[in-house]
Every structure is written in structure tokens, then in C-alpha cells.
Amino acid sequence: MRADTTPTTGYVVKMYPRFSETFVVREIAAREAQGERIAVASLRAPTDPRFHALLAGVDAPVTWIEETAGRSSGALWAALRRAEHLPGFAATLPELLAEEVAVAAQAVGVALWARENAVTHLHAHFATLPGRTTRLAAALLGTGYTLTAHAKDIYVPPADPALLDRVLTDAAAVVTVSDYNLRHLQRHHPAANVVRVHNGLDLDALEHHAPLRRDRVVAAVGRLVEKKGFEDLLDAVRILRAAGDPVRLVLAGSGRLETSLRERARDLGDAVEFAGALPQHEVAALLRRAAVFAAPCVVAPDGDRDGLPTVLLEAMALGTPVVSTPVTGIPEAVLDGITGTLVPEADPVALAAALRRLLDDPELGRRYARAARTRVEQFFDVRTQAARLRDLSTAVSTAVASPQAPALQPAGVR
């Protein structure tokens, strides 16, 4: 238990650290660098043995909110006895009883963790499990909460649309990463208080290098899932190779489509390298040596899509010309013909033509790279992002200090 009452923002995430969510680590590091105190509640025990160097720059203590209370009636009862003294317990009890046992139990766990660690504000990443849990925890504490909505959590149809709406509309502020997401949320959840804060980069760590004398290599990085569009990229490479182009593709990442993607690339031989999931410094090294970075994103059949891939911004910052698609917020960073090239999604022919153009025209690549770096510096600096999130947390904490702060409505009342 802390001996002081220094304001602390509690981050609630499904799993921390998570190899594919470097944006969370970078955001926490940036907020700490601006003097904030952060603590992290992880709803699942970390299972990923891989390590990002970024983690070494974070001071925030991490607590795993155990799920045992949701699995053991004795543990659940003990947690409820501890929670009955929380200021919002009586008002929130009907909602806890209506929730899934595991979610309710972890909400109690997050609330107790927050109280014992002098957490003054809760912020969740993703509106799904973390948002759902944080909403109840904040109600138990009598505080407000904020959350960051990304993409899958708002575009894939939820099992309970009303619950998603409540998680979003009860938040004091919903942060999202693109203007495209902002418009979507405002259209589908008009009562939510949505603000756009782009994902940010630590630009001091991403030195720009002009794309000179690089091998004819296309780089792609991301989880091997439908929304990344890597099937189209393999087809584009096949088109180029069939035309006699010696282009090579290095595809970094892992995921459930790996077997089918490898099978799809079988006829391409050593033209395609599957590099596996890489730590951050190796991703940066790959981006620096590639002549082009490709992010051929698509909207997956289940509605899932990328918000605005962080690695796309990293390529732009480092000086690697980019080719992408106009999915969700990507056109907010990639201005077609200025900071990169956009091609229609699911169009391998157009993708192959765009890649060939950049591979054949280094001066075009240099022009894109310079403009891309300028745009990233103007709109995607993590220091700006951290300051805006700090201001949001402060505003919410100040507002809920008022006894007139609104309480959550019981389930079904809204």
C-alpha cells in the first residue's frame, strides 16, 4: 500500500505486457516521462516470453488481477466482503449480480487494487473485457474512467451491443486513434464523449534515413490475420516475380494464418522470407533496410480491421516509403501521392504496380519519405499524445470529486 496520496492513473488491460501491443507500453512510458504516476492491472497473466526493450523504460508496477474469485465461491465471497465498504458497492451490486461471475469478480479485484494503490483514475485499453471490467470497478470506487477504443473492439459486432454502448457512453471520455474511428463512434454511439488522439511514436528513437541504395526488398510486419491483407501481398509479389522482377518480401509476424500463408507462398521459394515475430529493434532494422514497406490492410469478413497500424507510422518516421490501402484511419497518415501510395484494398494487381513504381523510382521514394517524416512529426508525436491523455485524466478526476458526479444506472435502466 502506498504511503502517500500522489495521483495515480491505473491502466486496465487484458494482458500486460503483450508483444503485439507496444503502443500501450510506449504510451505509459511517455506519460511517466511527463511526470505522471502509472500502475497497471492485467486481467490475464502474461504468457508471452518474448521481450521488447521498450519495457525497460517503464516504471509502472504491474499487478495481475487473479481470476480465482470467479472460479471459487469461497474466494468470490471473500472478495465481496472486502468490497462492501467501497463507496459505490450498494449502487453497483445489481450490475455485479447481472454480470458474468468472472467479469464481476475481476471488477471487484480491480476496484480493491485501485483503492489499495491510491489509484485516482482508471483508464482501459479496448472497450471489450478491459472496458467492461473498468466500468464496474469505477462504479464501485465512485470515480470516473476513460478508455481507448481501437478497432476490433468497436467494429466486430459484439454479442451484446447494448453492453458495448454502455461501456462507451458511461466513460467520461473515449479516446480513439483516428478521425475515421471518431466518426464511426459518433454515428453509432452518439451519447459517448469521443476524442481523437492518434497513436504516438517516440520520434527520438526513430532516426530518419533517406531510402538510398537499398536492396529490392519489400517489408511487411503484423499479426498473420485476415485484416492485414498479407494474402494480397503474396499475390502481388507473385505478379512481380512472374514479370521477371527480382523483388523479395520479408514478412514479420505470427498468427493463426501462418500455415496457410506459407502454403500460399510455396511456389515463390526464397522470394518470401517468413521472419516470425520480431522485437522492436529488429522491426526497426528491417524497416531501415527495406526499399518499401507494405501495409495492404483489408476489412476482414467478421468486420475486424486495423485502426491505424503503428508499424506503418514507424516506417514513415524511419524513412521507408510506404504503400497501403484506404482502410479506416490510414489515409490520415498516408496522403496518396504525397506521403506514400494508397491502392484499393484486396487488389493485388494495383498493389504490385505501386510496389514496382517505388522500387523503380528511388527519387519518388525519397520524396515520399521526406514528406512522411514531416507528417509524423506534426501529428504522431507520443509526447503530444501523452499530454492530452494526462489532461483528460486530470479533468475526469476533478469532475468526479464533485458529489454531483453521475452514478451508473442499473442494468436495463438506460
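Predicted model: local features only at pLDDT ≥ 70, side-chain atom pairs only at ≥ 80, totals over all residues.

Biologist: Why is Ala151 called buried?

Modeller: Buried means under 20% relative accessible area. Ala151 has 4%, so Ala151 counts as buried. Its place is the loop between strand S5 (145-149) and helix H7 (152-155).

Biologist: What does Ala151 touch, leaving out residues up to four places away in sequence?

Modeller: Ala151 touches Val156, Arg305, Asp306 and Gly307. A contact needs heavy atoms within 4.5 Å. As for Leu392, 241 residues from Ala151 along the chain, the two C-alpha atoms are separated by 21 Å.

Biologist: And Ser42, is that residue buried or exposed?

Modeller: Ser42 has a relative accessible area of 1%, and the limit is under 20%, so Ser42 is buried. Ser42 is found in strand S2 (residues 38-44). Setting aside neighbours within four places in sequence, Ser42 is in contact with residues including Val13, Tyr16, Val62 and Trp64.

Biologist: Which residues of H10 are buried, and what covers them?

Modeller: Among the buried ones are Phe230, Leu233, Leu234 and Val237. Their cover includes strand S8 (217-221), strand S9 (248-252) and helix H14 (348-360). After H10 comes Gly244, whose phi is positive, near 90°.

Biologist: What makes a group of residues a nonpolar core?

Modeller: The residues must be buried, of kinds such as Ala, Val, Leu and Trp, and joined through side-chain atoms within 4.5 Å. The largest nonpolar core has 45 residues, and Leu96, Val110 and Trp113 are among those with the most contacts inside it. Helix H5 (residues 101-116) gives the most to this core, with 9 residues. Val110 touches, among others, Val12, Leu43 and Leu122, not counting residues up to four places away in sequence. A second, separate core of 34 residues includes Ala284 and Val322.

Biologist: Which residues does UniProt list for "domain: Glycosyl transferase family"?

Modeller: The unreviewed UniProt entry lists residues 214-374. Over residues 214-374 the chain is 40% helix and 15% strand, and the end C-alpha atoms are 22 Å apart.

Key. Residues numbered from 1 in each chain as written. Heavy atoms only, no water. Buried < 20%, exposed > 50% of the residue type's maximum accessible area, 1.4 Å probe, protein only. Helix = DSSP H or I, 4+ residues; strand = E, 2+ residues; numbered from the N terminus. UniProt positions renumbered as here; feature names shortened; annotations may be inferred.
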